[in-house]
Each structure stands twice: as structure tokens, then as C-alpha cells.
Amino acid sequence: MRYIVEAEKVVKNFSNHTALNKVTIKIPEGCIYGLLGPNGAGKTTFIRLINQISKPDSGTVLFYNKPLEEDHITKIGYLPEERGLYKKMKVGEQAMYLAQLKGMNKTDAKAKLKDWFTKFDILDWWNYKVEDLSKGMAQKIQFIVTVVHKPKLLILDEPFSGFDPINTELIKKEILELKEKGTTIIFSTHNMQSVEEICDYITLINKSEVILQGKVEEIKKQFSKNEFEIHFTGNMLSFTTALWTGFQLIKKEEIQKNEFKVTVAPIDNQSINDLLGSVIVGCKVKSVKETSASIHDIFIRTIGEDNLTDTNN
Amino acid sequence: MNKLNLIIRREFKTRVKKKSFIVLSIVTPLIIALLVIAPILIQQSTFKQKTVLVVDNTITLGDLLERDKSSKFIKYVNMPLSATIEVVADRFENASDTMVLHLNKNFGIISNSPGQLYNNGHPGPGVLKTIKNDCFDIFRKIQVYRVTKLNLEKVDKKLGDSCNIQYEGRGLNPEVKSYLSLAGGFLMYLLVLIYGVQVMKGVMEEKTNRIIEVILSSIQPVKLMWGKIIGIGLVGISQFTIIIITSIIFFGAIQSFVDIDTANLVNDQIKMMDSEGNLVSANLPQLSIEEMDTLYAIEGLKSYLPTFLIIMPFLFIGGFLLYAAFFAAVGSAANPDTETQQFILPITVPIILGMVTATTIMDNPSSDLVYYTSMFPLTSPIVMAARLPFINWATDWWQVLTAILLLFITVWLSTKFAAKVYKTAILMYGQKLSYRNIWKWFKQSN
């Protein structure tokens with residue numbers, strides 16, 4: 001597998017605390033990589049290292065197998081959580097300035113920006129002053145200037161914060177489209193639903209350390225509680241009788257008369273087939289699915305356990 | 001395009017395109033031109049010739065006043081002996097430009113017997129003083145003649161009204177030096193203060209706007225800081241150049257429009273003020289001496305120009321960079337809602353001290369205070385700029401070089417310090433602006 005970013009045992013200290021403690025994160029090319037963690041965990045510090053805004057105290061950060069160098073900046077697009085624009089400048093002028101700072105030449109920047117402005121249907125805003133734009137309008141501009149130079153790596157820190165649902169969908173669509181075209185995306189967020197929807201990999205950082213890392217599917221599997229949700233119509237009594245095959249009832253919900261949704265878990269290593277074999281005698285099974293842990297649950301559980309361990313220590 | 005270049009261009013362009021820049025560049029010279037022209041215009045309008053009707057009971061003074069003391073400003077008319085003060089005063093009660101002067105027969109002889117001046121309007125202290133001096137001068141001459149039979153008027157005519165001392169020392173005429181000194185110091189003071197504060201505001205703007213992180217993902221913090229300082233410095237230099245050039249143009253335009261012969265007016269004013277014991281100033285070769293002075297001044301300016309053009313840019317650049325760096329550091333450490341005043345004060349104190357010292361240079365260019373402050377890097381940009389016209393290059397050249405050298409060493413240190421603080425502080429939100437924190441951020445930066 002080819003990695004776009006490889007951070008190895010990175011340490012970053014500030015005068016009164018350690019922001020990153022031996023953090024190792026490898027980001028495969030072409031994926032959407034979720035960076036999760038509570039506030040102050042060290043996510044933004046990690047992102048700033050990749051952006052060369054600050055330097056690690058020890059450890060290495062490689063970009064396409066090479067130590068970070070100034071030229072790499074042009075291959076990265078960064079949308080920080082706290083983002084702003086020069087209020088007194090005109091939209092077009094400002095977009096041109098930011099695009100050129102990312103190494104584009106004037107002609108190229110203008111052409112590409114016009115394309116994006118047309119795509120987002122905001123070409124009329126070119127000569128507006130930023131202070132006359134609404135927050136949502138400004139966010140569209142910020143997104144455009146982040147991606148206009150076709151970065152290989154796109155770093156989005158809480159990209160949806162403050163976006164209305166329509167803009168959120170628009171940006172989500174663009175993110176997926178960029179991924180299709182081969183852009184690698186680092187996605188730092190608290191929004192767990194968006195992580196489940198679009199991320200391929202995640203790293204969970206808590207108190208400056210990596211506490212969970214891997215493919216989203218595998219992590220979900222790892223945290224799977226081995227529970228099944230069965231939706232059936234029929235007699236509840238005959239269903240409970242079938243549980244003798246070695247299952248216990250975790251949760252019961254009556255949808256309407258003689259229609260239930262139940263969650264069951266095997267006591268030992270019984271197969272769900274054994275249960276179903278007995279259940280179908282008295283009930284009509286509508287659906288069966290294995291209940292997996294949501295990223296939200298995993299986040300809460302892992303952080304909670306980590307904090308608990310710290311307290312005990 | 002080079003990124004630093006890009007930053008400098010943006011900083012420059014956004015400021016130059018602002019309405020305030022254009023307004024300031026045009027209005028300031030207009031104000032300067034008006035400040036120069038206005039007093040002359042006011043003088044011209046107020047210095048209308050006034051008529052003084054002299055009711056003379058001394059018999060001698062009135063005639064002599066009318067003959068010898070009538071000038072462009074005051075015309076003395078001696079009333080016939082038959083005219084009494086009551087009649088004349090009544091007749092001219094409502095005339096605004098006419099005054100009535102009554103000299104009783106004991107005028108000048110007995111101290112408690114003053115002359116009386118009647119006027120409806122307010123004659124102004126200048127007019128009063130002139131009349132007083134004119135009367136005393138004539139009285140004095142009569143008394144001297146009575147006692148010694150010496151004709152003071154003839155003596156004065158022979159002697160002229162003053163003796164002339166031509167400055168033959170090295171370099172510029174002292175008066176020209178003083179003007180150049182004050183102008184140099186003041187220019188430097190304004191440049192450092194106005195545009196230094198602009199650097200701070202610019203840095204704070206990026207931090208408050210939260211655009212800083214976007215920019216920093218494209219360019220190194222130190223380069224951004226330098227771009228800002230250089231861009232704003234260029235705005236300052238451009239603005240001053242425009243102001244100076246437009247001032248000259250405005251001044252020329254206004255002068256030709258209202259057609260004032262300033263040289264003559266000034267000359268007249270001098271005559272008016274120096275009228276004590278001066279009978280026939282119009283016949284004296286005053287103009288040629290002034291012409292000579294002007295020629296000397298122009299020659300002096302020409303000889304000073306190379307020094308000015310070579311040394312001033314160093315002082316300008318050094319002084320601006322030094323202070324802009326401090327202002328940038330404070331700007332980066334400030335939060336949107338923090339009060340920066342108490343952190344600006346320590347920066348502005350040496351600037352103000354420099355300016356205060358610069359104003360003393362005219363009177364005492366070789367004092368110890370001037371010497372040390374012109375070498376001390378925090379004050380040298382202003383004080384040395386003001387001291388420059390007084391420098392004796394044959395002996396003092398090393399002082400200028402040392403001052404510049406020390407200044408640039410300090411610039412190097414201050415910009416290094418500022419860059420370190422800036423690098424860390426610019427991304428710190430919600431932390432108090434304090435000297436302790438600034439020191440912490442300085443140490444933290446690697």
C-alpha cells in the first residue's frame with residue numbers, strides 16, 4: 001500500500017503540556033481518513049505538522065516517502081476549523097491571492113476559479129466584498145480556495161461546522177467526487193455520522209495519544225457486540241420459548257399487536273441459525289441483522305475507558 | 001510568483017487602493033499648503049494701511065511723524081494746529097481705518113503724560129507697538145539733537161539698520177540646518193509611528209479574521225511577517241513621497257492663483273517688526289543680502305542633498321524595521337478583545353523621546369544628550385535624522401556609521417525576537433496578552 005503521509009512516533013511539546021506523544025499515523029493514498037478525538041486531543045496540532053505550520057520535536061513526518069519540504073505545501077489543501085477571509089477584499093481578488101499563494105500562476109488560477117465559481121453557481125459574487133457575504137456564502141468560497149489548486153492531499157478540519165444542510169450535502173458530494181479523482185482526504189471531526197458515511201480509515205486520538213486506529217469496517221467489527229436484531233410477527237411467548245437454544249433477550253420492542261423487534265445475544269458460541277430454526281416454527285420472521293456498534297458508541301466507549309484507565313492509574 | 005512578493009503586493013495594494021490613502025495623500029498636502037499660505041493671506045488682509053490723524057500739541061512731533069514714519073501700514077497725517085482733539089475725535093468717531101493720536105505738549109517729557117490713541121475698532125498690538133515706537137524714535141532724535149546738536153537721522157542713515165554677520169563656517173547655514181533637522185526628525189517620527197501601528201493592526205486583522213491559519217498553510221510565518229512589514233513600509237514611503245510632491249504642486253498652484261509675493265511680504269513684516277530706530281529702511285540694500293542668503297541656502301541644500309539621499313534611507317529602513325518588528329510581535333500576541341495600549345506605550349516612549357531630543361538639536365547640536373541618543377539604536381533613527389545636517393563629515397563620519405551599524409544589529413535582533421514571538425503567538429487564541437506570555441512564546445518557538 002502506498003502512503004501519502006507517514007507520521008512516525010511524532011512528539012510535539014508546548015511549554016506546559018505535550019500535544020502529541022509518540023503518535024504514529026499512516027494515511028494510505030486515495031482514501032478518506034478520519035481523525036477523531038475530543039477537543040484538545042491533539043488533532044489540530046497533528047494537522048499543523050503536516051501543513052508545516054509547526055515542526056515536531058521528535059519523530060518523522062513523510063509526505064510521499066520524503067521528509068516534509070516547502071514545495072509540498074502546494075500539494076496540500078487545508079480548510080481549518082477556524083477559517084476566515086479578509087473582509088475588505090473583493091471575493092475574486094482574494095480567491096486569486098490565495099490560489100497564487102498555493103503556487104498557481106495568475107492565468108491558471110483565474111481559469112480554475114471561474115470554473116469552480118460557475119460550478120457552485122456563484123460567479124456573480126466575484127466582485128462582491130467579503131464583508132457583504134453571508135456565512136454560508138463565505139464557506140463556499142473557503143472550500144473553493146482550498147481545492148482550486150488540485151491538491152493531492154486535502155485536509156478538512158470540521159468542514160461541516162456552521163454549514164446548512166444543503167451546503168453540507170453539496171460539500172459532501174464534492175468531497176466524494178474529489179476522492180473518486182484520486183485525492184486523499186484527512187477529515188478531522190466530531191460529527192460521527194459523517195465519519196461513518198464517508199471515512200475509510202480512522203484514528204482516534206485522546207490526550208495526545210493514539211488510542212484506536214484502523215479501517216472503519218474492521219473497527220466496527222472489533223467493537224461488534226455479537227447481537228442480532230430480529231423483526232417478526234407472531235406470539236412473543238413462542239419466541240421466548242425458542243430462546244432455549246442458547247440465546248438471551250437483550251431488548252424487546254412491540255411495534256404493534258403481535259409484531260416485535262427484539263435484540264438477542266448468544267450465550268455461548270451458538271449460531272443464529274439454531275435460533276431461527278426454532279423461531280420460525282411459531283413466528284414469521286421479517287428481517288434479521290447483526291447489530292454493529294456505531295462509531296459514536298465506539299468513540300464514547302473508547303474515550304471513556306481511556307479516561308477511566310488514566311484515573312485509576 | 002515568489003510568495004513573499006505576493007504578500008508584499010497584497011499588503012501594498014489593499015492599502016494604496018483604500019479611500020483613506022487617496023484622501024490622506026491629497027488632503028494632507030492641501031492642509032500643509034494652506035497652513036503656509038493662510039497666515040500670509042491673513043496678514044495681507046489685516047495689514048491694510050491705517051491712517052493716524054495726529055493732533056499734535058508738541059508742535060514738532062506730528063510733522064516729523066507724517067514726513068518720516070508713514071509707511072505701507074500706517075499713514076500719519078498731521079492735523080492743522082487749529083484742530084482740537086475734540087473736533088477731530090468727533091469727526092472720525094465712526095471711521096474704522098482711521099485713528100486719532102493725541103500728543104499733549106508734555107508728551108515724552110513728563111512720564112505720566114502719555115499720548116492718547118482714539119479708535120473705534122481694535123487696532124491690534126502690532127499697530128499699537130509701531131505707533132509707540134515711531135513716536136519714541138522721533139522724540140528721541142529731537143531730544144538728542146537738542147542736547148548734542150547731533151543729527152541721529154543722518155547717523156542712522158550712514159550706519160544702516162543693522163550690521164550683517166555672514167556665516168562662514170563649514171557646511172550649511174545654521175537656519176537652513178535647523179529646518180532640515182526638524183523636518184528629518186519629524187518625517188522619521190511619523191513614518192515609524194503611523195506605519196508601525198499599521199503593521200500591528202494588519203497582524204491583528206489576520207488573527208481576528210481567522211484567515212491566518214489558511215495563509216500559514218501556504219507560507220512560513222516569518223515570511224508572512226516580513227511581507228507585511230515590507231509592504232506597509234513601502235506604503236509609508238509612497239505616501240510620504242506623494243505628500244511631499246503634491247504639497248509642492250499645491251503650494252505652487254495656490255501661490256500662483258492668489259498671486260502672493262511671499263518674499264516681499266515677509267520682508268515687509270520684518271520691516272514692520274524691526275521698526276525701532278529704523279528710519280530709512282527702504283533705501284538700505286536689504287534685498288541683496290536676502291538674495292545672498294537665499295543663494296547660500298540653495299547652495300547649502302544642494303551640498304546636503306547627497307548626504308540626505310544616502311544616509312536617510314538607511315535610517316528610515318532601520319528605524320521602521322526595528323519598530324515594525326515590535327509592533328508585529330504585540331499584534332500577533334494580542335487577542336481580538338484585548339487592550340493593546342499598555343503594550344504599545346513602552347514601544348512609543350523611545351520614539352517620543354527621540355522626537356523630543358530632536359527638537360533640541362537646533363539649539364544645541366553637540367550636547368551629550370544628542371550625541372548618545374543619536375547612537376542609541378532605539379532613538380538613533382529619529383535623532384540621527386535630525387542631527388544629520390549638523391554632522392561634520394570630516395570628523396564625525398564614524399558616529400553616523402556606528403549609529404547605522406548599531407541600528408542594524410538591533411534590527412537583526414528585534415526582528416529575530418519578533419519572528420519567534422509571532423510564529424507561536426499568532427496561532428494562540430484566548431490567551432492573555434502579557435509580558436510573561438510574550439516571553440513564553442518567544443522561548444517556545446523553535
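Student: How are the residues, chains and ligands labelled, and which values of pLDDT are needed here?

Tutor: Residues are numbered from 1 along each chain as its sequence is written, while chains are lettered from A and ligands numbered from 1 in the order in which they are written. In this predicted model local features need pLDDT of at least 70 and side-chain atom pairs count only at pLDDT 80 or more, whereas totals for chains, interfaces and linings use all residues, and side-chain values use heavy atoms, with hydrogens and water left out.

Student: How many helices and strands does chain A have, and how many does chain B have?

Tutor: Helices (H or I, at least four residues) and strands (E, at least two) are DSSP runs, numbered from the N terminus. In chain A there are ten helices and 14 strands, and in chain B there are 16 helices and four strands.

Student: Why is chain A said to be more spread out than a compact globule?

Tutor: The radius of gyration is taken over C-alpha atoms, and the globule rule is 2.2 Å times the number of residues to the power 0.38. For the 313 residues of chain A that rule gives 20 Å, and the chain is more spread out because its radius of gyration, 25 Å, is well over that value. Taken along the principal axes, the box that the C-alpha atoms of chain A fill is roughly 75 × 50 × 35 Å.

Student: What share of the residues is buried in chain A and in chain B?

Tutor: A residue is called buried under 20% relative accessible area, exposed over 50%, and partly exposed in between (1.4 Å probe, protein chains only). By this reading 50% of the 313 residues in chain A are buried, and for chain B the share is 45% of 446 residues.

Student: Which part of the accessible surface belongs to carbon and sulfur atoms in chain A and in chain B?

Tutor: Accessible areas come from the Shrake-Rupley method with a 1.4 Å probe, and for residues only the protein chains shown count as cover. Carbon and sulfur atoms hold 48% of the accessible surface of about 15,300 Å² in chain A, and 65% of about 23,600 Å² in chain B.

Student: How should I read contacts between residues that are separated along the sequence of chain A or chain B?

Tutor: Contact means heavy atoms within 4.5 Å. In chain A, among contacts with a separation of 6 or more, 69% are between residues 24 or more positions apart; in chain B, among contacts between residues at least 6 apart in sequence, 75% join residues at least 24 apart.

Student: Where does A:Asn206 lie, and is A:Asn206 buried or exposed?

Tutor: A:Asn206 belongs to strand β9 (residues 201–206) of chain A and is buried, with a relative accessible area of 4%. Not counting residues up to four places away in sequence, A:Asn206 touches several residues, including A:Pro38, A:Ile211 and A:Asp306.

Student: What can helix α9 of chain B show me about burial, taking B:Gln239 as a case?

Tutor: B:Gln239 sits in helix α9 (residues 221–258) and is buried at a relative accessible area of 3%. Its side chain reaches the backbone oxygen of B:Phe21 at 3.3 Å, and, leaving aside neighbours within four places in sequence, B:Gln239 is in contact with B:Phe21, B:Leu24, B:Ser25 and B:Tyr195. Apart from neighbours within four places in sequence, B:Lys223 is in contact with A:Glu70 and B:Leu4.

Conventions:
A polar contact is a pair of N or O atoms within 3.5 Å; within protein, one must be able to donate a hydrogen and the other to accept it, and residues adjacent in sequence count only if both atoms are side-chain atoms.
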